[in-house]
Amino acid sequence: MKDNRALVNEIFILRSAACLSILLLHVLDRVYLHNSETINSFSVLLTFGTPAFVFISEFIIAYSYRNRAIGSFWGNRIKYIFLPYLFFGVFYAAAKAFQETGTSAAFPEAFFTYTWRHILLGDYHGYFILIIFQFYALHLLFHNYLKKASPKKVIAGSFLINAAYLSFFNFVPPMDVPFADYIWTQYYWVPFLGWSFYFTVAFYSGYYYEAFQRLLVKYRHWTTVSVLLFGLLSISLYQLGVTPVASSKRIDMVFFTVSMIFFLYSHAMLLKRVPRFFTWISQYSFGIYLFHPFFLAVFTAVSFAWQDLPPLLSVPVLFFACTGLCALTIYLFNKLPFGAYIVGKVGISQKRTAQDPLKEIQAPSVKVN
């Protein structure tokens, strides 16, 4: 008999940790402006949040539909995930165009350019939603095959594909092809090949949920060891200049991210109940991710109000202020009849999910860096 309560605990903890890591990463960027090597090295580890959210999205689908037919699948995902992607793509396009041109005659052209790049290319922080929708399609196309295939072979094959893809863009300089610089610096993030390992690990972790739990219990201490070792590896590669960018799209981050997911998940299994703070963060995590760059930009515009504070005080002030403002904005939008279509729904609470764990699939499942 599977333990549905455990699934709730672990997903709440994993999702909230991923959300908070992304927010903290961007707060540190605003406060330290990349001027501290110690902070930059720590920031490398915080980038695990994006692939963790990708993992969560497929894990929930694989678990929720493993013993039932996939019926109406796209409706809620279009309404509460893709429509917010479109809204925020346009919203941030307008913000960038205004920052670049002001109210001059050049605004419409800049706005149009940013809008199509955001929506079609995922050229803003909401790009992870395009990755997730690719995963939705892959799940629908291949879930029957994956159920029958050897998990070891599929996971190993996806790792080789993922590693080869990221290694190519990490270590091979831009080729002489159109838009090479743009592809190498940003667009290679979007195709699913750069995330395929997380997809297969999440699928089999959710589909073979009980076996997944047993393995994590058995090797819980090794998840701690692996986080420390792979974390040290990622920091060392960054400091040595081998992979000099703090990004989740580095080949070494594949190892650290998976080990961090397993570490958080295995230790969350020890909890009898999720602390309310993490439940709350999980409920608002989708909107926090989409809104937080806006509020951080506002804080930067009024930096005179906090720039004289010591960094050790500025970081928590901005972190909690941004979290609160994002959650308040999401809450108010969801009071409007159409608000959830703009910013996404407030997620399922722990109590409601415990009553019906399959309702979790209706909540926004993902976020990013």
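# Briefing: helices, salt bridges and surface of a predicted model

Helix α5 has 15 residues (107–121), which at 1.5 Å a residue should span 21 Å, and its end C-alpha atoms agree with this at 20 Å apart. The expected span is 1.5 Å times one less than the number of residues. Helices here are DSSP runs of H or I of at least four residues, strands are runs of E of at least two, and both are numbered from the N terminus.

The structure is a predicted model, in which local features need pLDDT of at least 70 and side-chain atom pairs count only at pLDDT 80 or more, while totals for chains, interfaces and linings use all residues. Residues are numbered from 1 along each chain as its sequence is written, and side-chain values use heavy atoms, with hydrogens and water left out.

- The buried residues of α5 are A110, Y114, T115 and H118. They lie on the same side of α5, because they cover an arc of only 130 degrees around the axis. The arc is taken from the directions from the helix axis to the C-beta atoms.
- Buried means under 20% relative accessible area, exposed means over 50%, and partly exposed is in between, with a 1.4 Å probe and protein chains only.
- An α-helix has 3.6 residues a turn, so residues three or four places apart point the same way.
- On the face of α5 turned away from the buried side are the exposed residues P108, E109, F112 and L120.
- Helix α4 (75–101) is included in what covers the buried residues of α5.

**Helix α3**

**Salt bridges**

- Three salt bridges are found in a search of the whole structure. The term stands for a side-chain nitrogen of Lys or Arg within 4 Å of a carboxyl oxygen of Asp or Glu.
- Side chains of opposite charge can pair when their charged atoms come close.
- R66 and E210 form a salt bridge through their side chains, at 2.8 Å from N to O. The pair links distant parts of the chain, 144 residues apart: R66 is in the loop between α3 and α4, and E210 is in helix α10 (residues 209–218).
- R66 counts as buried because its relative accessibility is 11%, whereas E210, at 25%, counts as partly exposed.
- Another salt bridge joins R117 and D123, whose closest N and O atoms are 2.7 Å apart. D123 is buried, with a relative accessible area of 7%, while R117 is partly exposed at 26%.
- R250 and D252 also meet in a salt bridge, at 2.6 Å from N to O. R250 is buried at 3% relative accessible area, and D252 counts as buried at 3% relative accessibility.

**Two buried threonines**

- T257 lies in helix α12 (residues 251–268) and counts as buried at 0% relative accessibility.
- Leaving out residues up to four places away in sequence, T257 touches F48, P51, A52 and Y198. Contact means heavy atoms within 4.5 Å.
- T200 is in helix α9 (residues 196–207) and is buried, with a relative accessible area of 6%.
- With residues up to four places away in sequence not counted, T200 touches V154, I155 and S158.
- T200 and P51 are 149 residues apart along the chain, and their C-alpha atoms are separated by 13 Å.

**Surface features**

- A nonpolar patch on the surface is formed by W74, I78, L83, L336, F338 and Y341, which together have about 500 Å² of accessible area. Accessible areas come from the Shrake-Rupley method with a 1.4 Å probe, and for residues only the protein chains shown count as cover.
- Patches are made of residues with over 30% relative accessible area and no salt bridge, joining like charges within 9 Å and nonpolar side chains (Val, Leu, Ile, Met, Phe, Trp, Tyr) within 5 Å.
- L83, one of the patch residues, is found in helix α4 and is partly exposed at 33% relative accessible area.
- F179 lies in the loop between α7 (151–171) and α8 (180–185) and is exposed, with a relative accessible area of 66%.
- The phi of F179 is near 60 degrees, a positive value in a residue other than glycine. Most residues other than glycine have a negative phi, and most peptide bonds are trans.
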